[in-house]
Amino acid sequence: MRADARKSGYCSAVSERDEAAGRRAWAGLLQVHAALVPLLDKELQRETGLPLAWYDVLLELNAAEGGRLRMGELGDRVVLSRTRVSRLVEELSRSGLVCREANPDDRRSAYAVLTDTGRQRLRDAAPTYMAGIGEHFTRHLKPDELPAVGDALWRVHDQAADQG
């Protein structure tokens with residue numbers, strides 16, 4: 001075990017083997033993300049004309065109450081900077097998939113609102129998105145591994161979100 005890990009109080013029960021397994025899992029997560037995001041983006045654009053980033057924004061807006069989110073909330077949900085979200089919403093707005101609405105309670109912020117056209121494009125693209133996830137991710141895991149992988153990743157996410 002690393003000396004700095006012991007000093008910091010990092011779980012003293014973590015063995016070198018567990019640390020190596022943790023590093024391997026982390027590297028695997030990063031590599032899977034780096035490989036699958038461009039692949040899903042390419043497939044989604046080829047089949048539906050929607051970039052994956054657009055799909056993600058539409059998906060989050062669709063899941064939100066009233067189909068609307070403040071720009072900052074949207075950025076947090078799609079893991080993009082406010083500047084990037086603002087540009088994406090502008091692009092989606094020009095395409096008629098999203099509109100911007102002023103926030104009556106805070107003139108400094110605005111809402112991104114899913115339009116009926118955006119909702120339909122999301123529905124039309126969903127089968128391609130889901131097929132890509134199935135083909136490139138889910139089918140490579142055993143059915144009994146899926147809940148464990150999902151639970152573990154969300155547990156790490158929730159811990160990080162609590163600290164952030």
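Me: Thanks. What does the secondary structure of the protein come to?
Reply: Seven helices and three strands. Helices here are DSSP runs of H or I with at least four residues, strands are E runs of at least two, and both are numbered from the N terminus. Along the sequence the pattern goes α-α-α-β-α-α-β-β-α-α.

Me: Before I go on, what sort of model is it, and how are residues numbered?
Reply: It's a predicted model, so local features need pLDDT of at least 70 and side-chain atom pairs count only at pLDDT 80 or more, while totals for chains, interfaces and linings use all residues. Residues are numbered from 1 along each chain as its sequence is written, and side-chain values use heavy atoms, with hydrogens and water left out.

Me: OK, overall shape. Compact globule or more spread out?
Reply: More spread out: the radius of gyration is 20 Å, well over the 15 Å that the globule rule gives for 164 residues. That radius is taken over C-alpha atoms, and the rule is 2.2 Å times the number of residues to the power 0.38. The C-alpha trace spans about 55 × 40 × 25 Å along its principal axes.

Me: And how much of the protein is buried?
Reply: 25% of the 164 residues. Buried means under 20% relative accessible area, exposed means over 50%, and partly exposed is in between, using a 1.4 Å probe and protein chains only.

Me: Let's do the strands. Which strands does strand 3 pair with?
Reply: Strand 1 (residues 68–70) is joined to strand 3 by three bridges, antiparallel. Strand 2 (residues 98–102) also pairs with strand 3 in the antiparallel sense, over five bridges. Pairing needs at least two DSSP bridges between the strands.

Me: What stands opposite Leu-69 in strand 3, and what's the bridge partner of Arg-100 there?
Reply: Ala-112 stands opposite Leu-69, and Ala-112 is also the bridge partner of Arg-100.

Me: How many residues of strand 3 are buried?
Reply: Five of the five, residues 110–114, so strand 3 is largely enclosed by the rest of the structure. Ala-110, Ala-112 and Leu-114 point one way, with Tyr-111 and Val-113 pointing the other. In a regular strand, side chains alternate between the two faces of the sheet.

Me: Switching topic: where is Val-79 found?
Reply: In the loop between helix 4 (71–78) and helix 5 (82–94). Val-79 has a positive phi of about 55 degrees, although it is not a glycine.

Me: Is Val-79 buried or exposed?
Reply: Exposed, at 70% relative accessibility.
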